[in-house]
Amino acid sequence: MKSNLDARHQLMLELLAEGASARIVARKLGYSEGTTRVYLHNLYRAIGVRNKTEAVIWHLARVRREEMRQDAAPAAAPAAPPAAAGATVGEMAVAEDLYTALGVMSSFLGPFGHLWEAGHRLKGGELDEKALARRAQARLLWRALLRGDFAYGKALYDDGLADRLLQQEGPSEALLVACLLWIGGYSGAAAKVSSALGDKRRGAAALGAREAALVRALHEAFERHPDAGIKALADLTHESARAPLVRQVAMVALFHASRAARDAERAQRAADALWNEAESARQQLEAMGVRPLTREAAAGRASKPGAVTATGARAKATVAR
C-alpha cells in the first residue's frame, strides 16, 4: 500500500477520521459531491482499502505508527511545561495552544463567527448551501491558525485550493491561508498568495488597506525583520472596530511570533487579549438578545454536549493584563 499521499488525499483522510460524510468533505474542500466521490474512490484505491471504515482504520494506524516513531526519536527542543491547575488563558495557550486555551470562546472570533451569524439572521438572511460551505472552510482555516496547524495552509496551496479561495467575495479565507503560510515559514507560497491578494485586477478578493498592512506585518515578523514585524502586529491589535478580523488575526500572529521568540509574557498577553475580544463579542450578542452559551441554549442543543457557559470559563481563567 502507498503511504505517500498528496495533500487532497491527506485532508480527506483527516476529515473522514473526524466522522465527516462525503457531503461534509465536499463542502469543506469546495468540491461537488460527485467529484468528491470520485476522489474518495481514488483514495481508497491508492491505499488499498474498500470503503470509508477501512480508510479510517488505515489512517489511524498510520498516525499511530508515526507517533511511535516520533516517541522513539531523540527529543529536539524542550517542550513548554504543562499548564498548572488554575492557569490563566495566556499561560494555558503558551503551554498548549490557542484553540485549547480559548475553548468554546473561539467561536466568537474569526470569520463567520457567532456575532456574524446573529447579525445575518437578525437581518432576515438565510444561509444557502454555498454560504454554509464557505463558512465551514473559513472556520477550518481559523481553527488551524489557532492550533498552529500551518501545514494545513500549505496543503491547500499545494492542492490548488488557495487559488479557488482567491476568487471568493472578500479576502478573509485567502488572507487566512496567507497567514498560515507566513507563520509556518512557507515564504515562497506565502509571497505568491499575498501578491495575488494585492492584485486589484483579480477582482473581489483584493485586499483593503488594513488587510494589506497585516500581510506586510506578517512578512516582516516571520521573514525579514522580526522585531519590526512584531511591533507592526502589536499596532494592528489596536485596529478599529471596523476591522475585527484584522485585529484578531494580528493577535493570533503576535502570539505565534512571541512564542517563537520565546517571549512567553508577550505571548500570554496576546492570548489574554483574544479572550477579551471573544468576551466583548459575547456581550454584544447578549445586548442583541442572543445568548448562545447559556445553560438553556446548551440544553436545547443536545447534539453539542461540549457546550459550556462563558461565566464558568471566565471564572476558571482570569485574564492577566
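Student: What share of the 321 residues in the chain is buried?
Tutor: Buried residues make up 44% of them. Keep in mind that this is a predicted model.

Student: Why is H59 called buried?
Tutor: The cut-off for buried is under 20% relative accessible area. H59 has 6% relative accessibility, so H59 counts as buried. H59 lies in helix α4, residues 52-72. Leaving out residues up to four places away in sequence, H59 touches Q10, L13, E14 and A17.

Student: How far apart are A221 and K231 in sequence and in space?
Tutor: They are ten residues apart in sequence. In space, the C-alpha to C-alpha distance is 8.5 Å.

Student: Which residues have the most contacts inside the largest nonpolar core?
Tutor: L145, L214, L218 and L233 do, in a core of 88 residues. Take L218: not counting residues up to four places away in sequence, L218 touches C179, W182, I183, E223, L233 and A253.

Student: Why are α11 and α15 called roughly parallel?
Tutor: Angles under 35 degrees count as roughly parallel. The axes of α11 (residues 172-184) and α15 (residues 244-260) cross at roughly 15 degrees. The two helices are therefore roughly parallel to each other. Their axes come within 11 Å, and the crossing is right-handed.

Student: Which residues of α11 and α15 meet?
Tutor: From α11, S172, L176, C179 and I183. From α15, L245, V249, A253 and H256. By class, this contact has six nonpolar, two polar and no charged residues.

Student: How do you know that α2 and α8 are roughly perpendicular?
Tutor: The range for roughly perpendicular is 65 to 115 degrees. Helix α2 (residues 22-29) and helix α8 (residues 129-147) pack at an angle of about 75 degrees. The pair is therefore roughly perpendicular. Their axes are 7 Å apart.

Student: What residues make the contact of α2 and α8?
Tutor: R27, K28 and L29 come from α2. E129, A133, A136, Q137 and L140 come from α8. Four residues of the contact are nonpolar, one is polar and three are charged.

Student: What makes the phi of F112 worth a remark?
Tutor: Most residues other than glycine have a negative phi. The phi of F112 is near 60 degrees, a positive value, and F112 is not a glycine. F112 is found in the loop between α6 (98-102) and α7 (114-122).

Student: Is F112 buried or exposed, and why?
Tutor: Set its relative accessible area of 15% against the limit of under 20%. F112 is therefore buried.

Student: Where does R262 lie, and what is its phi?
Tutor: R262 lies in the loop between α15 and α16 (264-287). Its phi is positive, about 60 degrees, although R262 is not a glycine.

Student: Why is R262 called exposed?
Tutor: Exposed means over 50% relative accessible area. R262 has 69%, so R262 is exposed.

Note on methods. Residues are numbered from 1 along each chain as its sequence is written. This is a predicted model: local features need pLDDT of at least 70, side-chain atom pairs count only at pLDDT 80 or more; totals for chains, interfaces and linings use all residues. Side-chain values use heavy atoms; hydrogens and water are left out. Axes are lines fitted to C-alpha atoms, for helices over the stretch in contact, and angles run from 0 to 180 degrees between N-to-C directions. Helices (H or I, at least four residues) and strands (E, at least two) are DSSP runs, numbered from the N terminus. Angles under 35 degrees count as roughly parallel, over 145 as roughly antiparallel, 65 to 115 as roughly perpendicular and the rest as oblique. Contact means heavy atoms within 4.5 Å. Ala, Val, Leu, Ile, Met, Phe, Trp, Tyr, Cys and Pro count as nonpolar, Asp, Glu, Lys and Arg as charged, and the others, Gly among them, as polar. A nonpolar core is a set of buried Ala, Val, Leu, Ile, Met, Phe, Trp, Tyr and Cys residues joined through side-chain atoms within 4.5 Å. Buried means under 20% relative accessible area, exposed over 50%, partly exposed in between (1.4 Å probe, protein chains only). A crossing is left-handed if the near helix is turned anticlockwise from the far one by less than a right angle, and right-handed if clockwise.
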